[in-house]
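Thanks for coming. Please have the sequence and the model in view.

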Amino acid sequence: MQPLLIQDPSISDIALLRPFVVQVAAAAGLTSPYDKQLRMATEEAVVNIVNYGKATVITLTAELVDQRLVITIDDDGLPFDPTQQSAADLSVPADERPLGGLGIVMMRQMTDAMSYQRVNGHNILKMFYSRGDEDGDESRYEVRGTLGENSFMEGEDSNLVPRTSKKNFVPSNNES
(Lines give C-alpha, C1' and ligand atoms only; values in the text may rest on other atoms or scores of the structure.)
Protein backbone atom coordinates (compact mmCIF):
# COMPACT_ATOMS: atom_id res chain seq x y z
CA MET A 1 0.00 0.00 0.00
CA GLN A 2 1.32 3.44 -0.93
CA PRO A 3 2.30 5.65 2.02
CA LEU A 4 0.63 9.05 2.38
CA LEU A 5 3.20 11.85 2.66
CA ILE A 6 2.06 15.27 3.88
CA GLN A 7 4.66 18.04 3.68
CA ASP A 8 4.19 21.35 5.51
CA PRO A 9 0.91 20.01 6.95
CA SER A 10 -2.10 22.20 7.60
CA ILE A 11 -5.68 21.52 8.67
CA SER A 12 -6.77 21.52 5.02
CA ASP A 13 -4.59 18.41 4.53
CA ILE A 14 -6.97 16.41 6.73
CA ALA A 15 -9.05 15.93 3.55
CA LEU A 16 -6.18 13.78 2.19
CA LEU A 17 -6.77 11.21 4.95
CA ARG A 18 -10.20 10.05 3.83
CA PRO A 19 -9.16 8.43 0.51
CA PHE A 20 -6.10 6.88 2.19
CA VAL A 21 -8.14 5.41 5.06
CA VAL A 22 -10.94 4.20 2.75
CA GLN A 23 -8.38 2.35 0.63
CA VAL A 24 -6.64 0.90 3.69
CA ALA A 25 -9.93 -0.22 5.27
CA ALA A 26 -11.08 -1.89 2.06
CA ALA A 27 -7.75 -3.68 1.58
CA ALA A 28 -7.89 -4.91 5.19
CA GLY A 29 -11.50 -6.06 4.91
CA LEU A 30 -12.73 -3.67 7.61
CA THR A 31 -16.43 -2.99 7.41
CA SER A 32 -18.66 -0.40 9.03
CA PRO A 33 -18.43 0.80 11.79
CA TYR A 34 -14.76 -0.19 12.06
CA ASP A 35 -13.75 1.65 8.89
CA LYS A 36 -15.26 4.84 10.33
CA GLN A 37 -13.48 4.31 13.65
CA LEU A 38 -10.21 3.88 11.78
CA ARG A 39 -10.79 7.17 9.96
CA MET A 40 -11.80 9.08 13.10
CA ALA A 41 -8.84 7.86 15.17
CA THR A 42 -6.41 8.58 12.32
CA GLU A 43 -7.85 12.05 11.77
CA GLU A 44 -7.68 12.84 15.49
CA ALA A 45 -4.00 11.87 15.64
CA VAL A 46 -3.11 13.93 12.56
CA VAL A 47 -5.16 16.97 13.67
CA ASN A 48 -3.23 16.96 16.96
CA ILE A 49 0.09 16.77 15.09
CA VAL A 50 -0.92 19.68 12.85
CA ASN A 51 -2.36 21.84 15.65
CA TYR A 52 0.24 21.23 18.36
CA GLY A 53 3.19 19.24 17.04
CA LYS A 54 4.75 21.77 14.67
CA ALA A 55 5.65 18.95 12.27
CA THR A 56 7.00 19.72 8.81
CA VAL A 57 6.39 16.20 7.48
CA ILE A 58 3.82 13.54 8.35
CA THR A 59 3.95 10.07 6.78
CA LEU A 60 1.18 7.49 7.14
CA THR A 61 1.69 3.84 6.26
CA ALA A 62 -0.49 0.78 6.62
CA GLU A 63 0.21 -2.94 6.72
CA LEU A 64 -1.48 -6.18 7.72
CA VAL A 65 0.30 -8.18 10.40
CA ASP A 66 -1.25 -11.40 11.76
CA GLN A 67 -4.85 -10.39 10.94
CA ARG A 68 -4.26 -6.94 12.43
CA LEU A 69 -4.15 -3.71 10.50
CA VAL A 70 -1.34 -1.43 11.66
CA ILE A 71 -1.49 2.27 10.79
CA THR A 72 1.82 4.03 11.46
CA ILE A 73 1.95 7.81 11.72
CA ASP A 74 5.50 9.20 11.58
CA ASP A 75 6.05 12.92 12.14
CA ASP A 76 9.01 15.17 12.83
CA GLY A 77 7.16 17.39 15.29
CA LEU A 78 7.58 18.03 18.99
CA PRO A 79 7.79 14.89 21.15
CA PHE A 80 4.33 13.71 22.24
CA ASP A 81 3.34 10.27 23.48
CA PRO A 82 -0.46 9.91 23.46
CA THR A 83 -0.20 6.49 25.13
CA GLN A 84 1.14 8.13 28.30
CA GLN A 85 -1.27 11.07 28.43
CA SER A 86 -4.13 11.21 30.87
CA ALA A 87 -7.52 10.88 29.29
CA ALA A 88 -10.28 13.28 30.25
CA ASP A 89 -12.14 12.22 33.39
CA LEU A 90 -15.61 11.68 31.98
CA SER A 91 -17.09 11.29 35.46
CA VAL A 92 -16.60 15.04 35.97
CA PRO A 93 -19.30 17.23 34.38
CA ALA A 94 -18.11 18.78 31.09
CA ASP A 95 -18.34 22.35 32.37
CA GLU A 96 -16.13 21.47 35.39
CA ARG A 97 -13.28 19.54 33.76
CA PRO A 98 -10.23 21.09 32.11
CA LEU A 99 -10.03 21.31 28.34
CA GLY A 100 -8.38 18.50 26.42
CA GLY A 101 -8.09 14.76 26.68
CA LEU A 102 -11.29 13.80 24.83
CA GLY A 103 -9.38 13.00 21.64
CA ILE A 104 -7.20 10.55 23.55
CA VAL A 105 -10.31 8.89 25.01
CA MET A 106 -11.70 8.54 21.49
CA MET A 107 -8.45 7.19 20.03
CA ARG A 108 -8.21 4.58 22.79
CA GLN A 109 -11.81 3.50 22.28
CA MET A 110 -11.56 3.29 18.50
CA THR A 111 -8.31 1.35 18.24
CA ASP A 112 -7.35 -2.07 19.53
CA ALA A 113 -4.01 -0.78 20.77
CA MET A 114 -1.55 2.05 20.31
CA SER A 115 2.21 2.19 20.73
CA TYR A 116 4.61 5.12 20.62
CA GLN A 117 8.32 5.56 20.10
CA ARG A 118 10.56 8.58 19.63
CA VAL A 119 13.20 7.64 17.04
CA ASN A 120 15.77 10.01 15.51
CA GLY A 121 13.67 13.11 16.17
CA HIS A 122 10.45 11.51 14.94
CA ASN A 123 7.26 10.53 16.73
CA ILE A 124 6.21 7.04 15.64
CA LEU A 125 2.60 6.28 16.60
CA LYS A 126 1.21 2.86 15.69
CA MET A 127 -2.48 2.18 15.89
CA PHE A 128 -3.62 -1.44 15.76
CA TYR A 129 -6.98 -2.70 14.49
CA SER A 130 -8.13 -6.30 14.77
CA ARG A 131 -10.12 -7.65 11.86
CA GLY A 132 -11.89 -10.05 14.21
CA ASP A 133 -12.23 -13.82 13.93
CA GLU A 134 -14.42 -16.00 11.78
CA ASP A 135 -17.23 -15.85 14.38
CA GLY A 136 -17.42 -12.07 13.98
CA ASP A 137 -15.83 -11.34 17.35
CA GLU A 138 -14.24 -7.90 17.03
CA SER A 139 -12.13 -7.97 20.20
CA ARG A 140 -10.48 -4.79 21.37
CA TYR A 141 -7.09 -4.59 23.02
CA GLU A 142 -5.21 -2.08 25.09
CA VAL A 143 -1.45 -1.71 25.47
CA ARG A 144 0.18 -2.27 28.82
CA GLY A 145 3.57 -0.62 28.69
CA THR A 146 5.37 0.53 25.58
CA LEU A 147 5.91 -1.96 22.81
CA GLY A 148 9.58 -2.32 21.94
CA GLU A 149 10.81 -1.62 18.44
CA ASN A 150 9.42 -4.30 16.11
CA SER A 151 8.30 -6.45 19.06
CA PHE A 152 4.75 -6.53 17.71
CA MET A 153 6.01 -7.40 14.27
CA GLU A 154 7.89 -10.36 15.72
CA GLY A 155 4.68 -11.70 17.22
CA GLU A 156 5.54 -10.79 20.79
CA ASP A 157 2.20 -9.20 21.62
CA SER A 158 2.25 -9.99 25.34
CA ASN A 159 1.77 -6.27 26.02
CA LEU A 160 -1.64 -6.45 24.35
CA VAL A 161 -4.53 -7.42 26.58
CA PRO A 162 -8.23 -7.69 25.70
CA ARG A 163 -10.18 -4.54 26.55
CA THR A 164 -13.68 -5.72 25.59
CA SER A 165 -15.22 -8.33 23.37
CA LYS A 166 -18.62 -8.00 21.75
CA LYS A 167 -19.37 -11.64 22.60
CA ASN A 168 -18.47 -11.36 26.26
CA PHE A 169 -18.97 -7.67 26.98
CA VAL A 170 -21.72 -6.77 29.42
CA PRO A 171 -22.22 -3.01 29.81
CA SER A 172 -22.04 -1.60 33.31
CA ASN A 173 -24.75 0.73 34.58
CA ASN A 174 -22.82 3.68 33.10
CA GLU A 175 -22.58 2.20 29.59
CA SER A 176 -25.30 1.51 27.10
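Predicted model: local features only at pLDDT ≥ 70, side-chain atom pairs only at ≥ 80, totals over all residues.

Two strands count as paired here if DSSP finds at least two bridges between them. With that in hand, take Ala113 in the edge strand E4: its bridge partner in E5 is Phe128. E4 and E5 run antiparallel and are joined by seven bridges.

E4 and E5 make a hairpin with two residues between them. One of the residues in that turn is Asn120, with a positive phi of about 50 degrees, and Asn120 is not a glycine. Most residues other than glycine have a negative phi. Asn120 is also exposed, because its relative accessible area is 73% and the cut-off for exposed is over 50%.

Which order do the strands take? The order is E1-E2-E3-E5-E4, five strands in an open sheet with antiparallel pairing. Strand E1, residues 4-7, and strand E4, residues 113-119, are at the edges; each has a single partner strand, so one side of each has no neighbour in the sheet. On average, neighbouring strands are turned by 15 degrees against each other, with direction ignored.

Further in, strand E2 covers residues 57-65 and strand E3 covers residues 68-75; eight bridges pair them in the antiparallel sense. In that pairing, Leu60 is opposite Ile73 of E3.

Next, the helices on the sheet. Helix H1, residues 17-28, lies across E1, E2 and E3, and runs at about 10 degrees to E2. Helix H2, residues 34-53, also packs on the sheet. H2 touches E2, E3 and strand E5, which is residues 122-130, and the direction of H2 makes about 10 degrees with that of E3.

A few details on H2. The helix has 20 residues, and from first C-alpha to last it reaches 27 Å, close to the 28 Å expected at 1.5 Å a residue. Buried residues in H2 include Tyr34, Leu38, Ala41, Ala45, Ile49 and Gly53. Just after the helix, Lys54 takes a positive phi of about 55 degrees.

Side chains of opposite charge can pair when their charged atoms come close. Arg39 counts as partly exposed, at 23% relative accessibility. With a cut-off of 4 Å from nitrogen to carboxyl oxygen, the count comes to one salt bridge.

On to the core. The largest nonpolar core has 31 residues. Which of them touch the most other members? They are Leu38, Ile58, Leu60, Leu69, Ile71, Ile73 and Met127. At least two residues each come from E1, H1, H2, E2, E3, helix H3 (102-110) and E5. H2 gives the largest share, seven residues.

Leaving aside neighbours within four places in sequence, Leu38 is in contact with Val21, Val24, Ala25, Leu30, Leu69, Ile71 and Tyr129.

Thr72 is in strand E3. Is Thr72 buried or exposed? Thr72 counts as buried, because its relative accessibility is 11% and the cut-off for buried is under 20%. Again leaving aside neighbours within four places in sequence, Thr72 is in contact with Thr59, Leu60, Thr61, Ile124, Leu125 and Lys126.

Leu64 counts as partly exposed, at 44% relative accessibility. Between Leu64 and Ser130 there are 9.7 Å in space, C-alpha to C-alpha, while in sequence they are 66 residues apart.

Last, one more backbone angle. Asp8 is in the loop between E1 and H1. Asp8 is not a glycine, yet has a positive phi of about 45 degrees. With a relative accessible area of 61%, Asp8 is exposed.

To go back to where I began: Ala113 and Phe128 are bridge partners, and the hairpin of E4 and E5 has two residues between its strands. I will stop there and take questions.

Note on methods: Residues numbered from 1 in each chain as written. Heavy atoms only, no water. Helix = DSSP H or I, 4+ residues; strand = E, 2+ residues; numbered from the N terminus. Axes fitted to C-alpha atoms, helices over the stretch in contact; angles between N-to-C directions. Contact = heavy atoms within 4.5 Å. Core = buried A, V, L, I, M, F, W, Y, C linked by side-chain atoms within 4.5 Å. Buried < 20%, exposed > 50% of the residue type's maximum accessible area, 1.4 Å probe, protein only. Expected span 1.5 Å × (residues − 1). Salt bridge = Lys/Arg side-chain N within 4 Å of Asp/Glu carboxyl O.
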